[in-house]
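Let's take a walk through this model together, one region at a time. Have the sequence and the 3D view open as you read.

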Amino acid sequence: MTAPSTASAASAAGLTGADLVRAGEDYLECVGRADEFAAVDLVVDLLRAGADPERLLLELVAPAQRRIGELWAANEWSVAREHGATAVSERAVAAIATYVRPRPTRGRVTVACTDGEYHALPTRLLAEVLRLRGWRVDFLGANVPGPHLITHLHQSGPDVVALGCALATRLPRAHATITACQSAGVPVMAGGGGFGRDGRYARLLGADAWAPTADAAADRLEREGVPALPAVPGALAHLGDEEYTHLRRRRAELLEGAMAALARTYPPVAAYDPQQLEATAEDLGHLIDFLGAALYVDDAPVFTDFVGWTGSVLGARGVTAEALRVGLGVLHDELRDFPRARRMLVQGIEVARITRADQEN
Amino acid sequence: MTGPSSIGGLAGLTGLGQADGVPGPSAGRRPSGDHGAEPDLSYGRAPDERLLRAIVQECGEGIVVCDALGVVVMRNAAAAELAPQIVPGRVPASGPAAALLDGQGAEGESREHEHGGRRLLVRRESFGVAHRAWYLRDVSAESARTDALLAERGRTAFLLEAGHRLSASLNLRRCARTAVELAVPFLADTAMVVLPPAGRRQADWLRLSGDDRRLQEGAIALNAAGQVPGLTEALAGFPPVPSRWLDPGQVPGWVLPQGFGPAGHLIVTPLPGNGVPAGALVLARRAGGPAFDEDAETLVRLFAARAGAAISAASLYQEQSATNAILSDDLLPPSLPHLRGVELAGSLRAARQAGLIGGDFYDVYLPGSPAATSGSEGSAGSTGSGASAGSGGSPAEAMVVLGDVCGKGPRAAVLAGQVRHCLRSLLLVEERPERLVPLLNRSLLGSPTPNPYVTLVLATVRAVGDGHLRVGLAVAGHLPPLILRRDGSVHECPARGSMLGALPRTVLTPAEIDLAPGELCLLYSDGITEAFGGPTGRQMYGEQRLKNALAGCAGMPAAAVVERLEQISTDWLGGEVQDDRALLVVRARPRR
């Protein structure tokens, strides 16, 4: 994330990388106890001392946010603490935005999260970086419904839409949004972890551009400009087998069947209370959704990476990956007429088996 | 193809075609014409040389035969007409004749030559080591037809793409931009759209040239439009003047991009809109480039018609949405004020997603001030939060309302707006909730709106020292607020009361609660608890799940609580939008 050019710019302002790392520890401490005032004071003091606002966003707030996610995954922070910390980070970003308000000198960009997407902070950071670089930015926030975004595009006529998608499960919606924006005559730049580490799903879904980070996105817009006319949306041939469609349609039925089968094959489930059962159904539901996303983009790692991640999150909470393996096996048996999904499930089961073996060692 | 197979069989029997020892076209290739293989059925023997000569002489295709030294030994009538420079007995060493018979290219392959104002298709064949023959075919008419067809196809494809691109956006600037992007370079070297002046003294323009494809924008005073030949007329919607009558030399410098050079050809055409002119299109080609011929002018007119329709639809839409925005501004949730010792955060999600407005509403009134601050934050769900107040902010003495009117969409939003407005007015004369609610009820019963049913929660918020808040709650037919204590326990507020706008008499049992620092009170609408979804897609979310979710929020700032509950609700719905959803949290600010 640390680009050499920004590093030299900041040292000119008297702030070294080590200073930022130290400040980052203090910052994490502030957001960790949801102390909004302390977090805001910390960033404002750094700004007063001449720190580059873009560096604060990308090298202080962004790494802290990644750390927060890791702390939650490792079960060191509760959900409540994670959410509180994120809310405070939002405040800190708002404080930076209020402190530095450059005049817009470039075009207009609409920044939005995909429909159903609540991980707004990375997208918010992009909006602020673009604002700092002189773009006129409309930030629509988290969970932007497609119709609302399109209405906004017709009304404000931006040069480009920057669409954030943090979770692969939102990719089908992101695809619909990309197509809708392009059909409304506006090109789309995609970003966020959901589009894959190398942006492969952004390309697959027809986005006009992709960038891995906020500063890379700003660089790209500066260097190459925005495409004048958006790409003409194409179709995804692999969806012709309708496995994705049927999986979505039969999700509820499939989940019910899987829960019943799990109760038969995995004895500990018999002792679960209703809340535990609901949590289990939720976990299975997530597996189905990621499987759906993997089918949608026809790429197994979307699913198998999630299986690995779930295994480690469950492991941190004392749940053996054996439950995961059994759950995947149940889904495999239920999805009899889904050859593509079954191949992915076989790979997922293998990942769960390795995770369990790791846990036992 | 050879004739019927029986004849082919006869040809084999008679051994014709190569009978006189003249080698046929190189082996392995099909002869270009099949006549050589045709048997002479009347006599059963090959034609003599005289007959063959006569046949060659009459052939419509030009035929030239040279010997090993390149001397023309024969040419037929067609060849003489197509290339009179080729004379028997000479070697065509230079000039156009030599170019035709240059011997380049693969044998048997046809190549096109421009020759004497004609387009000739030339093919060379070798016959043994001694002779080479050239076959010349005049394809001028054919290629003219093909060129015209390709040009027509190009124009059709261009208009198709133009129609597709131009119909995409309802944004005025985007439409104009698309028009100039399309026009360059297909129609001209530079294109400018001058937008309709719309009652102002100046007109905005967008321009693009083929060199760097950078969009440029600006505005001209209307009286300066007269400097461009035909522009004033085009802006007024008069029919376009043919390009040849416009003097490109008169074009003022501001029309052309810097460094463009002098314009050689100019078209200024109106963009015909829906009944009114939608601006004008100015196209220029450089001096030395092709002029705008009749086909080009027709194409420009068709293109202008499409661009004009798109631009005028966009103007109409912009006008309507601007009006709409003004009318609905009051119906959006307010941004929440900063109150000392209080964190406030709210979220509204309308079932009608494009409009953002619906039958759920919340508002905050500060007694003594005219009203809550209006306006909304830019977020899609209109998530407002006033939790960031530092030491500033008004003293905590406020009234908060969250309610739900019968119905969805704009009609419900208008009634919700009336309720908010009515409360604001009533608060000028009455601040006690138990008196305010019956007054509001009477006002609703007198409203001309059919079925003005409203449920709501009124909460008065007062700081009572030591970081505590005293919250007075009046519940009129609404879901009772939930209270989250410091220990994570969740309680339902005991206040109850009847729905408003239905019966003349209201029943109200108010309640008062105390919030210690960090504790909160959640007001919400039934769109949250009556959401159907969950793992099976058929379960109702219900109050118990909401209580469990709220219990997990102990210690979170108000904004985070609202966002988390909204997220859980959205996930539960699984993308199905069923009803308006409202959440509002009043939290006693925790001690630092």
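Asp466(B) is exposed, because 10 other C-beta atoms lie within 10 Å; the term buried is kept for residues with 20 or more other C-beta atoms within 10 Å of their own, exposed for those with 12 or fewer, and partly exposed for those in between, with C-beta atoms placed from the backbone. Although Asp466(B) is not a glycine, its phi is positive, at about 65 degrees. You will find Asp466(B) in the loop between β15 (454-465) and β16 (468-476) of chain B. Helices (H or I, at least four residues) and strands (E, at least two) are DSSP runs, numbered from the N terminus.

A word on conventions: this is a predicted model, in which local features need pLDDT of at least 70 and side-chain atom pairs count only at pLDDT 80 or more, while totals for chains, interfaces and linings use all residues. Residues are numbered from 1 along each chain as its sequence is written, and chains are lettered from A and ligands numbered from 1 in the order in which they are written.

Glu242(A) sits in the loop between α10 (214-224) and α11 (243-249) of chain A. Glu242(A) counts as exposed because it has 11 C-beta neighbours inside 10 Å.

Stepping back, chain A has 16 helices and five strands. Its radius of gyration is 22 Å, close to the 21 Å that the globule rule gives for 361 residues, so chain A is as compact as a globular protein of that length. That radius is taken over C-alpha atoms, and the rule is 2.2 Å times the number of residues to the power 0.38. Of the 361 residues of chain A, 50% count as buried. The UniProt record, an unreviewed entry, annotates residues 106-243 of chain A as "domain: B12-binding"; such annotations may be inferred rather than shown by experiment, their feature names are shortened, and positions are given in the numbering used here. Over residues 106-243, chain A is 38% helix and 17% strand.

Next, follow helix α16 (residues 339-360) of chain A. Its 22 residues should span 32 Å at 1.5 Å a residue, and its end C-alpha atoms are 32 Å apart, which agrees; the expected span is 1.5 Å times one less than the number of residues. Among the buried residues of α16(A) are Ala341(A), Met344(A) and Leu345(A). Their cover includes α11, α13 (274-297), α14 (301-316) and α15 (321-334) of chain A, where contact means C-beta atoms, placed from the backbone, within 7 Å.

Over in chain B, helix α8 (residues 294-328) has 35 residues that should span 51 Å, and its end C-alpha atoms are 50 Å apart, which agrees. The buried residues of α8(B) include Leu299(B), Phe303(B) and Arg306(B). Covering the buried residues of α8(B) are, among others, α5 (140-166) and α6 of chain B. Pro185(B) is found in that helix α6 (residues 172-186), and the peptide bond from Val184(B) to Pro185(B) is cis, with omega near 5 degrees.

Finally, look for an open sheet of five strands in chain B, with antiparallel pairing in the order β2-β1-β5-β4-β3. Two strands pair if DSSP finds at least two bridges between them. The edge strands, each pairing on one side only, are β2 (72-75) and β3 (110-115) of chain B. Three bridges join β1 (residues 62-66) of chain B to β2(B), and Cys66(B) has Val72(B) as its bridge partner in β2(B).

Conventions. Contact = placed C-beta atoms within 7 Å.
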